[in-house]
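Subject: Structure for you to look at

Hello,

Here is the structure I said I would pass on. My notes on it follow below.

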Amino acid sequence: LLKMLANYNDGGDREDDKAKTGGYKPKLIVPVAEAGELVRIMEKHAANAAIQLYACGLIQNIGFKPAYAAKLVGAKKAILLTMTKQGSSSSIGALANLTSAIYDAKGGDKKDFDDCVGPVVKTMQAHKADAGVQEQGCAALLSLTYLHPVNQNAVAKAKGIDVIVAAMKTHKNSDKCQRNACGALLNLSTDNAKNKKEIVSSGGIASIITAMKAHADNVNVQLEGCSVLYNLSQSLDRLLVEKAGAKAVIDAALKAHKKNGALVFKANAALDALAGTGGGTTDSDPKSSSKVITDKSAKAVATGTKVIKLGDKAGTKATTASTKAIKAGDKAVTKATTSSAGTKAIKAG
């Protein structure tokens with residue numbers, strides 16, 4: 001029954017579905033009121049590997065919704081045991097989605113998951129060749145480090161940054177792994193100068209750029225890639241980021257996804273940072289941490305910057321004293337959008 005429910009509720013990849021259809025709609029036939037029964041089942045049948053595995057699969061597929069997650073927090077211990085014993089991607093995925101949902105829920109307590117970093121990193125180290133484990137492991141570390149300085153430092157201490165970069169190098173063809181890894185590095189590098197240096201020394205810059213080149217058509221990889229390159233450019237490592245070829249991949253992302261307003265915003269912020277002209281965040285600004293640099297954090301990126309929506313048929317104009325920005329829908333993207341020097345054209349003044 002658990003296997004059937006887990007498979008029935010498997011709606012695919014949430015983020016990719018959002019990008020393609022505008023929303024993720026799993027079946028969710030398990031009543032919220034009964035979700036807590038999964039915790040009891042896992043505790044009662046702790047020695048049954050199959051029950052633990054399929055229960056984790058079901059939690060992975062419904063646990064991302066806060067209403068379910070609130071009922072399933074008690075399953076954390078069983079999930080961690082399954083993770084360490086079986087090394088299953090579904091157990092790590094269950095943890096990733098539960099963490100994300102609890103963090104998003106009003107009043108969600110991040111401390112519930114402070115002891116999860118070590119087991120996730122160890123499981124990834126033990127199953128380096130398993131793409132599913134690496135994909136979900138990076139997703140779990142992304143969720144665990146979201147607005148959580150304690151876990152940011154815990155991941156670094158456990159050598160988690162090296163593990164993430166290793167996953168990127170080993171599973172270059174997995175767009176999910178690359179996206180989740182870039183997202184994790186983004187959170188780890190937010191307001192954390194020490195982690196930025198660790199990412200650079202582990203070869204993170206090259207891995208991010210390689211990922212963006214290999215998955216140029218995947219907007220999620222490009223969004224996360226531009227965002228983490230922006231973060232890394234807000235430090236003394238800016239010249240290393242520039243030397244590695246970051247400007248070329250950001251320009252390519254702008255050209256390929258010019259109708260995606262969020263990407264245009266983030267890419268231009270990254271180009272500004274590379275050019276040394278962006279306002280940027282500082283290591284003392286706690287509001288800048290995010291799963292990605294969202295439109296809501298515009299003030300933390302560049303005060304006065306306007307977000308250009310290229311998907312608007314009518315187009316949006318942004319002007320300085322004498323410079324016109326691009327019109328959405330134009331086939332040619334002007335230098336005012338794609339060049340680091342020209343990003344001043346979208347400043348509000």
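I start with Asp 251, which is buried at 18% relative accessibility; buried means under 20% relative accessible area, exposed means over 50%, and partly exposed is in between (1.4 Å probe, protein chains only). This is a predicted model, in which local features need pLDDT of at least 70 and side-chain atom pairs count only at pLDDT 80 or more, while totals for chains, interfaces and linings use all residues. Residues are numbered from 1 along each chain as its sequence is written, and side-chain values use heavy atoms, with hydrogens and water left out.

Salt bridges

The side chain of Asp 251 meets that of Lys 247 in a salt bridge, 2.7 Å from N to O. The term stands for a side-chain nitrogen of Lys or Arg within 4 Å of a carboxyl oxygen of Asp or Glu. Lys 247 is partly exposed at 33% relative accessibility. Helices here are DSSP runs (H or I, at least four residues), numbered from the N terminus.

The whole structure holds 3 salt bridges. Another one joins Glu 37 and Arg 40, at 2.6 Å from N to O. These two are 3 residues apart in helix α3 (residues 37–44), so about one helical turn separates them. Both ends are partly exposed: Glu 37 has a relative accessibility of 33%, and Arg 40 has a relative accessible area of 39%.

Asp 115 forms a salt bridge with Lys 76, with the closest N and O atoms 2.9 Å apart. This pair links distant parts of the chain, as Asp 115 sits in the loop between α7 and α8 (117–126) and Lys 76 in helix α6 (residues 76–86), 39 residues away. Asp 115 is partly exposed at 45%, whereas Lys 76 is buried at 17%.

Helix packing

The axes of helix α4 (residues 49–62) and helix α7 (residues 89–104) come within 8 Å and cross at roughly 35°. Axes are lines fitted to C-alpha atoms, for helices over the stretch in contact, and angles run from 0 to 180 degrees between N-to-C directions. On the α4 side the contact (heavy atoms within 4.5 Å) is made by Leu 53, Cys 56, Gly 57, Ile 59 and Gln 60. Residues contributed by α7 include Ser 89, Gly 93, Ala 94 and Leu 98.

Nonpolar core

The largest nonpolar core has 85 residues. Such a core is a set of buried Ala, Val, Leu, Ile, Met, Phe, Trp, Tyr and Cys residues joined through side-chain atoms within 4.5 Å. Among the members that touch the most others are Ile 59 and Leu 185. Apart from neighbours within four places in sequence, Leu 185 is in contact with Ile 161, Ile 164, Met 168, Ile 199, Ile 208 and Val 228.

Backbone

Most residues other than glycine have a negative phi. Leu 147 has a positive phi, near 50°, and lies in the loop between α9 (131–144) and α10 (149–157). Leu 147 is partly exposed, with a relative accessible area of 32%. Lys 159 also has a positive phi, near 65°, and is found in the loop between α10 and α11 (160–170). Lys 159 is partly exposed at 49%.

Regards
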